[in-house]
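Hi everyone, thanks for coming. Let me put the structure up, and then we'll walk through it together.

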Amino acid sequence: MMSTIQNLLKELTEESVVTRKMLERVPVDKQDWQPHEKSMSIRKLAGHIAELPGWVSMTLKTVGLNFADQAYQSPEWNSNQELLEIFEKSLAEAKAALQIAKEEDLLPAWTLKNGEQVLMSKTKGEVIRHSMSQLVHHRAQLGVYLRLLDIPLPGSYGPSADDPNF
């Protein structure tokens with residue numbers, strides 16, 4: 001039976017294949033495009049997707065994050081190569097952190113705050129799972145953006161209309 005950490009590594013590796021395919025298709029000439037005024041631009045959304053694996057290592061190394069102490073900065077990128085470099089770096093950091101982690105490292109509490117307001121408090125293992133769910137969620141958002149821009153979508157968990165031979 002695989003440990004929780006082995007399962008997390010396996011899932012992260014599997015999700016990275018699809019994520020990479022999606023990020024490769026982001027149109028650099030449409031970075032400021034957004035489907036609605038309340039939606040993120042492609043630049044922000046793709047950058048956030050690329051950095052999300054980094055939450056794994058951050059979670060394992062810290063006891064929490066307070067947005068009031070550290071304002072969020074979206075990663076800067078100007079080409080698909082730069083976007084993929086951000087992703088590969090955050091993915092490598094996540095895998096390295098998981099490879100040296102022990103099961104008991106997943107148990108301590110980790111808290112996300114904005115000033116005194118607690119936004120989320122979970123075990124480190126739960127936060128890592130949450131960040132993987134966020135990766136999949138935002139990747140699906142990116143899929144909608146790409147579809148609206150008529151950019152072919154790769155298959156993810158099976159074929160897509162554009163990639164029937166998944």
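Ser156 counts as partly exposed because its relative accessibility is 30%; buried here means under 20% relative accessible area, exposed means over 50%, and partly exposed is in between, with a 1.4 Å probe and protein chains only. You'll find Ser156 in the segment after α5. A word on names: helices (H or I, at least four residues) and strands (E, at least two) are DSSP runs, numbered from the N terminus.

Before going on, this is a predicted model, in which local features need pLDDT of at least 70 and side-chain atom pairs count only at pLDDT 80 or more, while totals for chains, interfaces and linings use all residues. Residues are numbered from 1 along each chain as its sequence is written, and side-chain values use heavy atoms, with hydrogens and water left out.

Back to our serine. Which residues does Ser156 touch, not counting residues up to four places away in sequence? They are Val18 and Phe166, where contact means heavy atoms within 4.5 Å. Ser156 and Glu15 are 141 residues apart along the chain, with their C-alpha atoms separated by 8.7 Å.

Also in the segment after α5 is Asp150. Asp150 counts as exposed because its relative accessibility is 66%. Its phi is near 60 degrees, a positive value in a residue other than glycine. As background, most residues other than glycine have a negative phi.

Now step back into α5 itself. This helix has 25 residues and reaches 36 Å from its first C-alpha to its last, close to the 36 Å expected at 1.5 Å a residue; the expected span is 1.5 Å times one less than the number of residues.

Let's turn to α4, residues 80-100. Which residues of α4 are buried? They are Asn80, Leu83, Leu84, Phe87, Ser90, Leu91, Ala94, Ala97 and Leu98. Looking down the axis of α4, these buried residues fall within an arc of 160 degrees, so they line one face of the helix; the arc is that of the directions from the helix axis to the C-beta atoms.

What do the buried residues of α4 pack against? Their partners are α1 (4-24), α2 (42-51), α3 (54-61) and α5 (124-148). On the face turned away from the buried side, α4 carries the exposed residues Gln81, Lys89, Gln99 and Ile100.

Next, the sheet. Three strands form an open sheet in the order β1-β2-β3, with mixed pairing; two strands pair if DSSP finds at least two bridges between them. Its edge strands are β1 (64-66) and β3 (117-123), each pairing on one side only. β2 (residues 109-114) pairs with β3 in the antiparallel sense over six bridges. Thr111 has Ser121 in β3 as its bridge partner, and Trp110 stands opposite Lys122 in β3.

α3 touches β1 and β2, and its direction makes about 110 degrees with that of β2. α5 touches β2 and β3, and its direction makes about 105 degrees with that of β3. For these angles, axes are lines fitted to C-alpha atoms, for helices over the stretch in contact, and angles run from 0 to 180 degrees between N-to-C directions. In the hairpin of β2 and β3, two residues lie between the strands, and Gly115 takes a positive phi near 70 degrees.

On to aromatic rings. How many aromatic pairs does a search of the whole structure find? Two, counting rings of Phe, Tyr and Trp (its six-membered ring) whose centres lie within 6.5 Å; planes under 30 degrees apart count as stacked, over 60 as edge-to-face and the rest as tilted. Trp33 and Tyr145 form an edge-to-face pair, 5.7 Å centre to centre with 85 degrees between the planes. This pair links distant parts of the chain: Trp33 is in the loop between α1 and α2, Tyr145 is in helix α5, and they are 112 residues apart. Trp33 is partly exposed, at a relative accessible area of 25%, while Tyr145 is buried, at 5%.

Last stop: Tyr72, in the loop between β1 and α4. Tyr72 counts as partly exposed at 45% relative accessibility. Leaving aside residues up to four places away in sequence, Tyr72 touches His48 and Glu51.
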